[in-house]
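Please consult the sequence and the model below while reading.

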Amino acid sequence: MKNITRLLEHKIIKSLKPQKAALIFGARRTGKTVMMKHIIKQWKGKVLSLNGEDYDAQSLLENRSIANYKRLLNGISLFAIDEAQNIPGIGSKIKFILDEIPSVCVLATGSSSFDLQNQTGEPLVGRSKTFRLAPFSQKEIATTETLLETKQNLEERLIYGSYPEVVTMENLHDKADYLKEIVQSYLLKDILAIDGLKNTSKIRDLLRLIAFQVGREVSLDELGRQLAMSKNTVEKYLDLLSKSFVLFRLGAYSKNLRKEISKAGKWCFYDVGIRNAIAENFKPIALRDDIGALWENYIICERLKDNWNSCFAKNFYFWRTYDGQEIDLIEESGDGGELYAFEIKWKPKNSKVPVAFANAYGQGNFREINRENYLD
């Protein structure tokens with residue numbers, strides 16, 4: 001494995017304080033366990049590390065009593081729980097530990113946001129800090145590459161994405177096989193584990209439809225008609241795919257100007273390699289007709305990763321008017337203040353800010369992102 005340090009690592013270590021919990025969420029196979037082990041290796045005090053998928057670990061925490069937890073954590077300064085969402089009532093158990101053993105810091109990872117957040121949301125308000133770990137960002141990979149290698153590897157990255165193990169593989173067939181395995185065996189595991197959700201083929205069909213509509217506005221009614229499902233069911237599945245870090249939604253930016261679209265949405269994949277695996281398309285860039293959509297998804301995802309890794313609180317949108325003026329990506333600072341607007345083009349186009357947008361919001365922070373300047 002290349003020695004790629006995750007940008008979040010230092011921020012997580014800094015957040016580890018007595019009576020506080022650091023929660024790391026992300027899709028399976030994005031490197032949460034590896035990063036947790038690296039953090040533990042650097043920890044100065046005594047550590048207890050458990051895996052939530054291990055029945056013995058679950059039984060250790062089952063007896064929710066002060067005596068049990070004090071005996072378990074005697075002399076421990078860092079309590080680390082991997083795959084914590086598998087431990088019943090983990091949120092209230094972490095809170096109980098933080099309340100009763102004030103010398104302990106807690107570090108927990110979860111493969112999905114919905115289980116662990118639902119369990120920890122109420123008990124750990126004000127007691128935890130949440131981090132989101134995505135596949136490698138270009139900034140992280142760049143620490144192991146020369147600028148020439150980065151430029152040479154761009155097209156491969158657009159096809160196979162940035163999952164940690166994919167980045168380290170040399171053989172392209174191995175990369176494709178690995179991505180197919182993730183889709184089949186890992187990616188949907190959290191979703192399909194939910195009680196009452198049995199229709200795996202419908203979820204896969206939905207993902208394929210989204211994969212072919214990346215970069216375009218998506219109608220939930222139309223998806224429902226194509227899949228013979230209700231709009232509410234489509235909405236439910238998309239929500240679960242979001243919470244398990246497969247997809248994310250870009251809403252339409254609007255300050256309620258008369259011509260602005262305000263309710264539409266676009267869907268992007270957290271990793272373009274996963275998108276290509278679902279679309280069953282690993283063709284080289286020269287043979288593809290979807291490079292524009294692929295490039296747009298890649299750039300938006302890289303901007304999102306930068307937001308997560310920097311612990312900013314930006315909001316992400318696209319912008320369009322009913323008469324066809326549009327911008328691919330709008331970033332709004334977390335306080336609802338400054339706006340940044342990006343037009344995303346594979347080939348340089350010298351894009352100009354749309355007149356309606358400039359009149360409403362100004363044009364100082366408008367830029368085109370293309371393959372020549374994207375590293376900037």
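## Lining of the largest cavity

By class, the lining of the largest cavity comprises 5 nonpolar, 3 polar and 3 charged residues; Ala, Val, Leu, Ile, Met, Phe, Trp, Tyr, Cys and Pro count as nonpolar, Asp, Glu, Lys and Arg as charged, and the others, Gly among them, as polar. The lining residues, which have an atom within 4 Å of a cavity point, include Gly161, Ser162, Phe269, Asp271, Cys301 and Lys305. Helix H16 (residues 291-309) supplies the largest share, 5 residues. Helices (H or I, at least four residues) and strands (E, at least two) are DSSP runs, numbered from the N terminus.

This cavity has a volume of about 50 Å³, and the structure holds 3 cavities of 30 Å³ or more. A cavity is a set of points, on a 1 Å grid over the protein atoms alone, where a 1.4 Å probe fits but cannot get out. Its volume is the space filled by probe spheres set on the points.

## Basis of the model

The model is predicted: local features need pLDDT of at least 70, side-chain atom pairs count only at pLDDT 80 or more, and totals for chains, interfaces and linings use all residues. Residues are numbered from 1 along each chain as its sequence is written, and side-chain values use heavy atoms, with hydrogens and water left out.

## Aromatic pairs

The count comes to 13 aromatic pairs, where rings of Phe, Tyr and Trp (its six-membered ring) pair if their centres lie within 6.5 Å; planes under 30 degrees apart count as stacked, over 60 as edge-to-face and the rest as tilted. Tyr253 and Tyr317 are edge-to-face because their planes stand at 65 degrees, with ring centres 5.2 Å apart. This pair links distant parts of the chain, 64 residues apart: Tyr253 lies in the loop between strand E6 (247-252) and strand E7 (265-269), and Tyr317 in strand E8 (residues 315-320). Tyr253 is buried at 4% relative accessibility, whereas Tyr317 is partly exposed at 21% (buried means under 20% relative accessible area, exposed over 50%, partly exposed in between; 1.4 Å probe, protein chains only).

Trp319 and Phe357 also form an edge-to-face pair, 5.3 Å centre to centre with 75 degrees between the planes. Here strand E8 carries Trp319 and helix H17 (residues 355-361) carries Phe357, 38 residues apart. Trp319 is buried at 1%, and Phe357 is buried at 4%. Tyr253, Tyr317, Trp319, Phe357 and Tyr361 form one aromatic cluster.

## Charges over rings

Arg64 lies over the face of Phe96, 4.6 Å from the ring centre, and Lys266 lies over that of Phe318, at 4.7 Å. The criterion is NZ of Lys or CZ of Arg within 6 Å of the ring centre and within 35 degrees of the ring normal.

Terms used:
On a 1 Å grid over the protein atoms alone, a cavity is a set of points where a 1.4 Å probe fits but cannot get out, and a pocket is an open set with protein on both sides within 12 Å along at least five of seven lines; lining residues have an atom within 4 Å of a point.
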